[in-house]
Amino acid sequence: MSSSSSLQLYSYFRSSCSWRVRIALNLKGLKYEYKPVNLLKGEQFSPEFLQLNPLGFVPVLVDDDQVIGDSFAILLYLEEKYPEHPLLPGDLKRKAINIQVANIVCSSIQPYHNLASVKFIEEKLSSDEKVAFVQYHIVKGFTALEKLLQPYAGKYATGDDALLADVCLAPQIHAAIHRFKIDMSEFPLLLRLFEAYNEIPEFQAARADVQPDAV
């Protein structure tokens, strides 16, 4: 493991944003202190946490005096500072598709099922409408991803190395299957990738159910 004892990750076990950062840290062999933030108890709105991230979202990475409160920014920071196991390939075309896939997950799928979004929809409409809203956005995003990755996929999303796209896809596909009951028969490539991720030790160690705050 790399010398990175200063790293602290403020995380919630079920948060897919936190999950993707845990995968990246594991792939890069970085030790870190896990700092649980219970979203259901509202700990993300405590004055202490809002000092770290005024949006009140996890994850937050603290690296000595550097504080980063966005998962995509954290992933790029880790890539720059800790080059072990690069998350982005040297090939420009594959680098671009990795960033595109990551952005689709981070901006066009996951925000529609984070805790704040689904709570708002449920309060304004209903539980049934909440589920339909989330499923619509997941299916829309997965339809695009299935097409985008066809020319690039190997063992993993863009070849035979686990990269940025995979880091973001793994927790998103897990949420789709286990939380929102998406029929993955429409997305055979994504399902195959998900099965491959389940065999990688660094991905296994990042799973929600093995985190210190898992319930």
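1. A residue counts as buried when its relative accessible area is under 20%, as exposed when that value is over 50%, and as partly exposed in between. Ser 16, with a relative accessible area of 5%, is therefore a buried residue. The structure discussed here is a predicted model, and the points below should be read with that in mind.

2. On the setting of Ser 16, this residue is found in helix α1, which covers residues 16–27. When its neighbours within four places in sequence are left aside, Ser 16 is in contact with Gln 110, His 113 and Pro 171.

3. As to the overall fold, the secondary structure of the protein comes to nine helices and four strands. Read from the N terminus on, these elements follow the order β-α-β-α-β-β-α-α-α-α-α-α-α. The radius of gyration is 17 Å, close to the 17 Å that the globule rule gives for 215 residues, so the protein is as compact as a globular protein of that length. Taken along the principal axes, the box filled by the C-alpha atoms is roughly 45 × 45 × 30 Å.

4. Among the contacts between residues at least 6 apart in sequence, 67% join residues that are at least 24 apart. The protein exposes about 10500 Å², and carbon and sulfur atoms supply 54% of that area.

5. Cys 168 deserves a separate point. This residue lies in helix α7, residues 164–178, and is buried, its relative accessible area being 0%. Leaving aside neighbours within four places in sequence, Cys 168 is in contact with Arg 20, Leu 75, Ala 102, Val 105 and Cys 106. The C-alpha atoms of Cys 168 and Phe 72 are separated by 9.2 Å, although these two residues are 96 residues apart along the chain.

6. Turning to charge, the protein has 21 positive and 26 negative side chains, and the centres of these two sets lie 2 Å apart. The count of salt bridges comes to four, and three of these pairs are taken up in the points that follow, each with the accessibility of its two partners.

7. The side chains of Lys 81 and Asp 63 meet in a salt bridge, at 2.9 Å from N to O. This pair links distant parts of the chain, since Lys 81 belongs to helix α3 (residues 71–81) and Asp 63 to strand β3 (residues 60–63), 18 residues apart.

Methods
Residues are numbered from 1 along each chain as its sequence is written. This is a predicted model: local features need pLDDT of at least 70, side-chain atom pairs count only at pLDDT 80 or more; totals for chains, interfaces and linings use all residues. Side-chain values use heavy atoms; hydrogens and water are left out. Helices (H or I, at least four residues) and strands (E, at least two) are DSSP runs, numbered from the N terminus. The radius of gyration is taken over C-alpha atoms; the globule rule is 2.2 Å times the number of residues to the power 0.38. Contact means heavy atoms within 4.5 Å. Accessible areas come from the Shrake-Rupley method with a 1.4 Å probe; for residues, only the protein chains shown count as cover. Lys and Arg count as positive and Asp and Glu as negative; His and the chain ends are not counted. The place of a charge is taken as NZ of Lys, CZ of Arg, CG of Asp or CD of Glu. Buried means under 20% relative accessible area, exposed over 50%, partly exposed in between (1.4 Å probe, protein chains only).
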